[in-house]
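Let's take a walk through a protein model together, helix by helix.

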Amino acid sequence: MLDTLRNAWKIPDLRRRILFTLMMLVVFRFGAHIPVPYLDSETMRAFLGNGTDLFSLFDVFTGGAFSNATVMALGVSPYINASIIVQLLTVAIPALERIAKEGVAGRKKLNKITRYLGIALAFIQGAGLYVTLMNMQALTWNFLQFIVIVLTFTAGTAFIVWLGEVITEKGLGNGVSMIIFAGIVTRIPSGIVTVYQQFLSNGLTAKGLGITLAIVVVALAAIVFVIFFTEAERRIPVQYAKRVVGRKMYGGQRTNIPIKIAAGGVMPIIFASSIMAFPATIVRLVSGGNMPQEGVGYYILGCLSAGYCSAAWTSVVYAVLYFLLIIFFTYFYSTIQFNPIELSNQLKKNGGVIPSKRPGKQTSDYIAGITSRLNLIGSIFLGIIAVLPVVFGAVFNVQGMQIGGTSLLIMEGVALETVRQIESQMVTRNYKGFLN
């Protein structure tokens, strides 16, 4: 990775893209320190509580902007939720499905819909947050104050979405993913301090050193497994028929179709985390910030929020539900991104054939079967890696391990995708230079 970055720095165009991306991330971090009028950071930290709901993910993805009550407090989370909703509706609504099949123009339309829906969700979440803080008696009702706070939150989200699109167009990597990456990176020092305060502040005890070492080992193991399954792929051999055009013969070469084991990357984890944190978030907004401390609601939220309930069995239920959601979103995301029927039609159109498979339905069924098995393998291992921090945190009573594990996987996935994009752009420029 370091060699790739060093070689990319030598190419003027890529160097400009790298510097532009870094500059935009600095702008994002600068905006994450601009306070919201009429709101103080102590109120927001009290609202976060024990960090078991969606607002804790807001705080992680924004690099502490939420807990500090800044302009970019909501971050890109409303946009992510809007993306989930639009992708689900694309499967359910034929009109959106037709738009998705229009190619580049269709993707632009869906991105526009997602953008506007994300801004609308930001306004709704900002209004709900204001009402919740008012019910907590942290704020008093004032129409001007309400408009200023909610519109500031909404404007911050709109600016971050625009910033992400600019990074995608003129910088490196996916802009929204890079912003999430930057927010998580800024939380690493505070995470280290938290681990130190929990296990090492009272001296170098055997238990504290053991748990700290176990955290490091789990993190390194997750990194290794994610890299392995992100890079692993199944290659389907394809033979192209020979054809004569004029006096020249074309085709006849043998190639392959690479299919990733974890085609969805870390997106299934992001989606599953958002869904699992959603019930606790709704309870916080409806109940005025007062989470139940006993009864059925207490245990239900314990099953849906890591670390909320002291009962051990709720952590097991949470891990199982989280694991199943990751499997579901892995298949769902793969279905959206990869269509075996279209691939089979393209092969047939270009004269390509998979050995021992007839063009058409037999080829598409064969590709769909391989994709399904790969998704099962990838989703199981991805689920194990995502659930491992939850189990570790429940066994050793380590707070925040679920969010910490999710952050680690997101950081690694974004880094791998960015390096892969740099390598592809370097290959493109090398070919261009060779042809010129």
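This is a predicted model: local features need pLDDT of at least 70, side-chain atom pairs count only at pLDDT 80 or more; totals for chains, interfaces and linings use all residues.

Let's begin with helix 8, which covers residues 143-170, and helix 9, which covers residues 175-185. Their axes lie 7 Å apart, and the angle between the two is about 115 degrees. Helix 8 and helix 9 are therefore roughly perpendicular to each other. Where do they touch? On the helix 8 side you will find Ile160, Leu163, Gly164, Ile167 and Thr168, and these meet Gly175, Val176 and Ile179 of helix 9. Sorted by class, this contact holds five nonpolar and three polar residues, with no charged ones.

Stay with helix 8 for a moment and look at how it starts. There, a side-chain oxygen of Asn142 comes to within 3.1 Å of the backbone nitrogen of Leu144.

Helix 8 has another partner, helix 7, made of residues 104-135. The two axes come within 9 Å and cross at roughly 145 degrees, and the crossing is right-handed. From helix 7, the residues in this contact include Ile119, Phe123 and Tyr130, while helix 8 brings, among others, Phe146, Ile149 and Phe153. In this contact, 13 residues are nonpolar, four are polar and two are charged.

Now try the length check on helix 7. After helix 7 comes Gln137, with a positive phi near 65 degrees.

Finally, let's return to helix 9 and meet its neighbour helix 2, residues 12-31. These two pack at about 60 degrees with their axes 10 Å apart, and that angle makes helix 2 oblique to helix 9. Helix 2 passes helix 9 in a right-handed crossing. Thr21, Leu25 and Phe28 of helix 2 make the contact with Met178, Ile179, Ala182 and Gly183 of helix 9. Five of the residues here are nonpolar, two are polar and none is charged.

Note on methods:
Residues are numbered from 1 along each chain as its sequence is written. Side-chain values use heavy atoms; hydrogens and water are left out. Axes are lines fitted to C-alpha atoms, for helices over the stretch in contact, and angles run from 0 to 180 degrees between N-to-C directions. Helices (H or I, at least four residues) and strands (E, at least two) are DSSP runs, numbered from the N terminus. Angles under 35 degrees count as roughly parallel, over 145 as roughly antiparallel, 65 to 115 as roughly perpendicular and the rest as oblique. Contact means heavy atoms within 4.5 Å. Ala, Val, Leu, Ile, Met, Phe, Trp, Tyr, Cys and Pro count as nonpolar, Asp, Glu, Lys and Arg as charged, and the others, Gly among them, as polar. A crossing is left-handed if the near helix is turned anticlockwise from the far one by less than a right angle, and right-handed if clockwise. A polar contact is a pair of N or O atoms within 3.5 Å; within protein, one must be able to donate a hydrogen and the other to accept it, and residues adjacent in sequence count only if both atoms are side-chain atoms.
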